[in-house]
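Biologist: I am new to reading protein models, and I would like to learn it feature by feature. Could you walk me through this one?

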Amino acid sequence: QVQLVESGGGLVQAGGSLRLSCAASGSIFTINSMSWYRQAPGNQRELVATITSNGRTNYADSGKGRFTISRDNAKRTVALQMNSLKPEDTAEYYCAGDMTTTWGARREYWGQGTQVTVSS
């Protein structure tokens, strides 16, 4: 079994900052890329940022210059630092990990989500 647990969501005023964290645990052999997605009510889930195993990052245009994704391979964690938050950043944020398990299966695993609400 593999689990991803997010934390760090909450309510913040526009212009403020939040740091989301995600910890992976379980029968993990390797963690390939890790990503953050978000889904606002009535919208499709969208990619926010991705970081590869060697630290290469990719951001959606909506977060470029404001969001920073990072990972700690030893701790099996990924974080999303969000600055200059806007009301349109309000969404449920999900951590996802492309992982290979100890029994050799490779697939994407998802966390349960953490709510981010930005008030104007």
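Modeller: Gladly! Let us begin with sulfur: a search of the whole structure finds one disulfide, meaning a pair of cysteine sulfur atoms within 2.5 Å. This is a predicted model, where local features need pLDDT of at least 70 and side-chain atom pairs count only at pLDDT 80 or more, while totals for chains, interfaces and linings use all residues. Residues are numbered from 1 along each chain as its sequence is written, and side-chain values use heavy atoms, with hydrogens and water left out.

Biologist: Which cysteines form the disulfide, and how far apart are their sulfur atoms?

Modeller: The general idea is that a disulfide is a covalent bond between the sulfur atoms of two cysteines. Here the partners are cysteine 22 and cysteine 95, with their sulfur atoms 2.1 Å apart. The link is left-handed, with -80 degrees about the S-S bond. Cysteine 22 belongs to strand S3 (residues 18-26) and cysteine 95 to strand S9 (residues 91-101), so the pair ties together parts that are 73 residues apart in sequence. A word on the labels: helices (H or I, at least four residues) and strands (E, at least two) are DSSP runs, numbered from the N terminus.

Biologist: Are cysteine 22 and cysteine 95 buried or exposed?

Modeller: Both are buried. Buried means under 20% relative accessible area, exposed means over 50%, and partly exposed is in between, using a 1.4 Å probe and protein chains only.

Biologist: Let us turn to rings. How many aromatic pairs does the search of the whole structure find?

Modeller: The search finds one. Rings of Phe, Tyr and Trp (its six-membered ring) pair if their centres lie within 6.5 Å; planes under 30 degrees apart count as stacked, over 60 as edge-to-face and the rest as tilted. In this model, tyrosine 37 and tryptophan 110 form a tilted pair, 4.8 Å centre to centre with 50 degrees between the planes. Tyrosine 37 is in strand S4 (residues 28-39) and tryptophan 110 in strand S10 (residues 106-110), so this pair ties together parts that are 73 residues apart in sequence. Tyrosine 37 counts as buried at 18% relative accessibility, whereas tryptophan 110 is partly exposed at 34%.

Biologist: Which residue lies over the face of tryptophan 110?

Modeller: That is arginine 45, at 4.7 Å from the ring centre. A charge sits over a ring if NZ of Lys or CZ of Arg is within 6 Å of the ring centre and within 35 degrees of the ring normal. Another case is arginine 107, whose charged end sits over the ring of tyrosine 109, 4.0 Å from its centre.

Biologist: Now for charges that pair up. How many salt bridges are there?

Modeller: Side chains of opposite charge can pair when their charged atoms come close. The rule for a salt bridge is a side-chain nitrogen of Lys or Arg within 4 Å of a carboxyl oxygen of Asp or Glu, and by this rule the count comes to five. Among them is the bridge between glutamate 46 and arginine 38, whose closest N and O atoms are 2.6 Å apart. Glutamate 46 is partly exposed, with a relative accessible area of 35%, but arginine 38 is buried, at 6%.

Biologist: Where is aspartate 89, and which part of the chain does its pair with arginine 38 link it to?

Modeller: The side chains of arginine 38 and aspartate 89 meet in a salt bridge at 2.9 Å, N to O. This pair links distant parts of the chain, with arginine 38 in strand S4 and aspartate 89 in the loop between strand S8 (77-82) and S9, 51 residues apart. Arginine 66 also forms a salt bridge with aspartate 89, the closest N and O atoms being 2.7 Å apart. Both arginine 66 and aspartate 89 are buried. Put together, Arg38, Glu46, Arg66 and Asp89 are linked in a network of salt bridges.
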